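Trainee: I have a model open and would like to learn how to read its features one at a time. Where should we begin?

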2 protein chains.
Amino acid sequence: MPKDTFLNLSEEKKKKIINAAKKEFSRVPLEEASIKNIVEEAEIARGSFYQYFESKEDLLKYMLTSCEKKLEEFSKQKLIENRGDIFQVYIDMYDFITKELIKSKDREFYIMIFRNVKASDDNLGVLQNIAIKGPFQETSLINMIDKTNLKVNNDDDLKTIIRMLYIITRKALVSYFIKKDSYNKIRDTYIKMIEYLKYGILK
Amino acid sequence: MPKDTFLNLSEEKKKKIINAAKKEFSRVPLEEASIKNIVEEAEIARGSFYQYFESKEDLLKYMLTSCEKKLEEFSKQKLIENRGDIFQVYIDMYDFITKELIKSKDREFYIMIFRNVKASDDNLGVLQNIAIKGPFQETSLINMIDKTNLKVNNDDDLKTIIRMLYIITRKALVSYFIKKDSYNKIRDTYIKMIEYLKYGILK
DNA sequence: TTGACAAATGACACTGTGTCACATATAATG
DNA sequence: CATTATATGTGACACAGTGTCATTTGTCAA
């Protein structure tokens, strides 16, 4: 987490640094991001950066945390609206994100997330502690899920289901950046994946 | 791909380089791997490395290709044994790999793979072209899959199913390294995941 | 006005990269 | 066999980026 020296900075200066970081982290993933670029863009001295943050990991983690909270808030709201139907919540969530991307509203922000957010076990190197948590890793949200129709005997199974939903759907979205698929094609893909998970592949 | 200068090397020297690379790539993922360590371990000059390979990506790619072929061979065999049942083939495949890991037979090799193999759209940086292909990306293997019970209307759906199987099951295995789960727990997880995909989560 | 503390700075030592001119080995030729 | 040609091996070098730290600058209370 950032040091007090950063938190005490004027809003303007903080914003400048955050924007520079957003630019760099949306350009390349963490491993390739350079502190040099960030300090040059933000027009601060190299030493200052280390006065504010432990490392670039620290900065990225800080930036992703705010997103984690947004996602959690969004999911909580949707769970209420959809009476605990986790499948529908996932569809709503991805609908929202893809639409945001298409509208290009803070596009850089979303690109940064997709470049750098890994499911918690995607990576075994430096990144392993920076993974953003899927929204349903919070107990409070898990408890809001309607379990009556799910074949779950225990909490482990529920977690497995949540992980499958998270991993599968995220993958579909990432492909947007790679293949530059159309919005409709992406949507078809994640809807189909969720259907498969719900009702199974075999007839 | 490696240059001829490498391919023309004596088997002994090639092996020394491959082993040094295996050591480095199983220690850390590609991004953190250092050519310096590899050339020191293999006792070759820095310049020689660049005479053999374009880059460390090139070397890793080369090493993963051999594994890709093995996996393809294995899958073809299992598809015949299981009369095209792709679910069973995945179970057999992961049974085999986890057993290999537990027996510690060429453990370094498997660790290297899990550290560095990403599903083809996991990563948006340098790694995007190094992804190992899941065995069923080969048309010849796809054609061996028994489609009579699968709800597929077109090739895209089949590919989606294959991707889901691949992504989901691989994730379960990777957790072995992180959580150091027992063999039985890992097996339970990927069997359960495959069951969910087969028959659906909803009753 | 001074002193004391917080914050900012950039030169510095360090690590690793990719290259290149040169050294050495191997093969081919008269 | 000597000579030339070609392929392979080598490590010093320039470069890029990192994290540190002694020093400077800014701010505020006494």
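**Reading the surfaces, the core and the helices**

Mentor: Begin with DNA strand D, which is surrounded by 17 residues, the closest being A:Ile35, A:Lys36, A:Gly47, B:Ala45 and B:Gly47. A residue is near a molecule or strand when its C-beta atom, placed from the backbone, is within 6 Å of it. This is a predicted model, in which local features need pLDDT of at least 70 and side-chain atom pairs count only at pLDDT 80 or more, while totals for chains, interfaces and linings use all residues. Residues are numbered from 1 along each chain as its sequence is written, and chains are lettered from A and ligands numbered from 1 in the order in which they are written.

Trainee: Which elements each supply at least two residues of the surface near DNA strand D?

Mentor: Elements come from DSSP runs, numbered from the N terminus: helices are H or I with at least four residues, strands are E with at least two. In chain A they are α3 (35–42) and α4 (46–52), and in chain B α1 (4–7) and α4 (46–52). The largest share, four residues, comes from α4(B).

Trainee: How do the residues of that surface divide into nonpolar, polar and charged?

Mentor: Ala, Val, Leu, Ile, Met, Phe, Trp, Tyr, Cys and Pro count as nonpolar, Asp, Glu, Lys and Arg as charged, and the others, Gly among them, as polar. Near DNA strand D there are five nonpolar, eight polar and four charged residues.

Trainee: Which residues come nearest to DNA strand C?

Mentor: A:Ala45, A:Gly47, B:Lys36, B:Gly47 and B:Tyr50 come nearest, out of 15 residues around DNA strand C. Two or more residues of this surface are given by α4 of chain A and by α3 (35–42) and α4 of chain B. Here α4(A) has the largest share, with four residues. The surface near DNA strand C divides into four nonpolar, eight polar and three charged residues.

Trainee: What should I look for in a nonpolar core?

Mentor: In soluble globular proteins, nonpolar side chains tend to be buried together. A nonpolar core is a set of buried Ala, Val, Leu, Ile, Met, Phe, Trp, Tyr and Cys residues joined through C-beta atoms within 7 Å. Buried means 20 or more other C-beta atoms within 10 Å of the residue's own, exposed means 12 or fewer, and partly exposed is in between, with C-beta atoms placed from the backbone. The largest core in this model has 38 residues, and those with the most contacts inside it are A:Met164, A:Ile168, A:Leu197, B:Met164, B:Leu165, B:Ile168 and B:Leu197. At least two residues each are supplied by α6 (86–103), α9 (155–179) and α10 (183–199) of chain A, and by α6 (86–103), α9 (155–179) and α10 (183–199) of chain B. The most come from α9(B), with seven residues.

Trainee: Which residues does B:Leu197 touch?

Mentor: Contact means C-beta atoms, placed from the backbone, within 7 Å. Leaving out residues up to four places away in sequence, B:Leu197 touches A:Tyr196, A:Ile201, B:Met164, B:Leu165 and B:Ile168.

Trainee: How do I read one helix, for instance α2 of chain B?

Mentor: Check the span, which is expected to be 1.5 Å times one less than the number of residues. Helix α2 (residues 11–27) of chain B has 17 residues and should span 24 Å, which agrees with its end C-alpha atoms being 24 Å apart. Its buried residues are B:Ile17, B:Ala21, B:Glu24 and B:Phe25. They cover an arc of only 95 degrees around the axis, so they are on the same side of α2(B); the arc is that of the directions from the helix axis to the C-beta atoms. On the other side, B:Glu11, B:Glu12 and B:Lys15 are exposed. The cover over the buried residues of α2(B) includes α3, α5 (56–81) and α7 (107–116) of chain B.

Trainee: Which residues of α6(B) are buried?

Mentor: B:Ile86, B:Val89, B:Tyr90, B:Met93, B:Tyr94 and B:Leu101 are buried. They fall within an arc of 125 degrees seen down the axis, so they line one face of α6(B). B:Lys99 and B:Lys103 are exposed on the other side.

Trainee: Where does A:Glu43 lie, and is it buried or exposed?

Mentor: A:Glu43 lies in the loop between α3 and α4 of chain A. Its phi is near 55 degrees, a positive value in a residue other than glycine. A:Glu43 counts as exposed because it has 10 C-beta neighbours inside 10 Å.

Conventions
Two residues are in contact if their C-beta atoms, placed from the backbone, lie within 7 Å.
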